[in-house]
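Please read these notes with the model open beside you.

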Amino acid sequence: MFAAYSRLNTTHPLATKSAVSGSLHGLADLLCQRFDGSSDVRRTFGMTSWGLLAGPVGHKFYVALDAVIRFRGASAIASKIAIDQLVFTPPLTYSFFTYQSLVAKGSSASDALALAQRETWPTLLYNWSFWGVAHVITFTTIPLEHRVAWIALKSFLWNGFLSWRLSRLQKADPPPTHTAALLRRYSTENIRD
């Protein structure tokens with residue numbers, strides 16, 4: 001199976017990365033829904049279609065990143081992680097919440113942008129603790145042609161978390177001011193149960 005993936009990754013890199021990313025995003029959402037007892041086809045479509053788009057975007061970004069950072073060593077790894085997390089990730093996170101709100105929830109553009117504005121910063125705080133560590137492996141061990149697949153696998157866990165958060169955001173009444181408040185509320189509710 002890995003040989004077939006490697007062959008397709010060489011001959012059709014954008015389509016391969018799109019398919020892998022879309023599949024893992026959708027699967028992460030389905031697994032999350034299984035655990036939280038929900039069944040939301042529209043949310044799964046939103047996560048899957050986001051993955052289909054994010055795969056090629058990630059491919060282009062990581063190729064460009066390797067072209068820009070040509071030096072080696074610890075400073076190259078630190079530079080790549082910093083660019084990934086401080087330049088690429090914030091607009092990607094903002095776009096994720098906007099897209100999910102529009103596609104999966106059917107929100108108005110103003111509501112989608114308000115959600116993205118409210119959720120981006122708290123999500124970035126969680127993101128940096130998770131992805132900072134994951135990207136040490138990304139940029140030290142994983143060859144460029146396999147980075148999107150590696151990141152898609154790590155994204156499986158991350159997207160499960162995002163899917164869970166989207167579910168909680170939709171169920172919260174009243175809606176939390178941001179995700180950190182939602183996580184605190186959910187944690188205290190579970191402790192009392």
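**Notes on the predicted model**

1. Confidence in the protein is lowest in helix α7 (residues 179-192), with a mean of 49, and highest in α4, at 93. The score is pLDDT, the predictor's confidence in each residue, from 0 to 100. Helices (H or I, at least four residues) and strands (E, at least two) are DSSP runs, numbered from the N terminus. This is a predicted model, in which local features need pLDDT of at least 70 and side-chain atom pairs count only at pLDDT 80 or more, while totals for chains, interfaces and linings use all residues. Residues are numbered from 1 along each chain as its sequence is written, and side-chain values use heavy atoms, with hydrogens and water left out.

2. The average pLDDT of the protein is 83, and 88% of the residues score at least 70. Over residues 186-193 pLDDT stays under 50, and the model has 2 contacts for them beyond four places in sequence. Contact here means heavy atoms within 4.5 Å. Where pLDDT is low, the predicted coordinates should not be read in detail.

3. How do α2 and α3 pack? Their angle is about 145° and their axes are 7 Å apart; axes are lines fitted to C-alpha atoms, for helices over the stretch in contact, and angles run from 0 to 180 degrees between N-to-C directions. The crossing of α2 and α3 is right-handed. A crossing is left-handed if the near helix is turned anticlockwise from the far one by less than a right angle, and right-handed if clockwise. The contact of α2 with α3 holds 10 nonpolar, 11 polar and 5 charged residues. In this division Ala, Val, Leu, Ile, Met, Phe, Trp, Tyr, Cys and Pro count as nonpolar, Asp, Glu, Lys and Arg as charged, and the others, Gly among them, as polar.

4. For α4 and helix α5 (residues 109-140), the packing angle is about 145° and the axes lie 7 Å apart. α4 and α5 cross in a right-handed way. Their contact has 17 nonpolar, 12 polar and 4 charged residues.

5. How many salt bridges are there? The count is 3, a salt bridge being a side-chain nitrogen of Lys or Arg within 4 Å of a carboxyl oxygen of Asp or Glu. One of them joins arginine 43 to aspartate 29, with the closest N and O atoms 2.8 Å apart. Because arginine 43 lies in helix α3 (residues 41-68) and aspartate 29 in helix α2 (residues 13-36), the pair ties together parts that are 14 residues apart in sequence.

6. Are the two partners buried or exposed? Arginine 43 is buried at a relative accessible area of 1%, and aspartate 29 is buried at 0%. Buried means under 20% relative accessible area, exposed over 50%, and partly exposed in between (1.4 Å probe, protein chains only). Beyond its neighbours within four places in sequence, aspartate 29 contacts Asp40, Arg43, Thr44, Met47 and Ser163. Arginine 43 is 61 residues from alanine 104 in sequence, yet their C-alpha atoms are 4.5 Å apart in space.

7. Lysine 80 and aspartate 66 also form a salt bridge, at 2.8 Å from N to O. This pair links distant parts of the chain, with lysine 80 in helix α4 (residues 74-103) and aspartate 66 in helix α3, 14 residues apart. Lysine 80 is buried, at 7% relative accessibility.

8. Arginine 118 and glutamate 119 are joined by a salt bridge with closest N and O atoms 3.4 Å apart. Arginine 118 is partly exposed, at 29%, whereas glutamate 119 is buried, at 0%.
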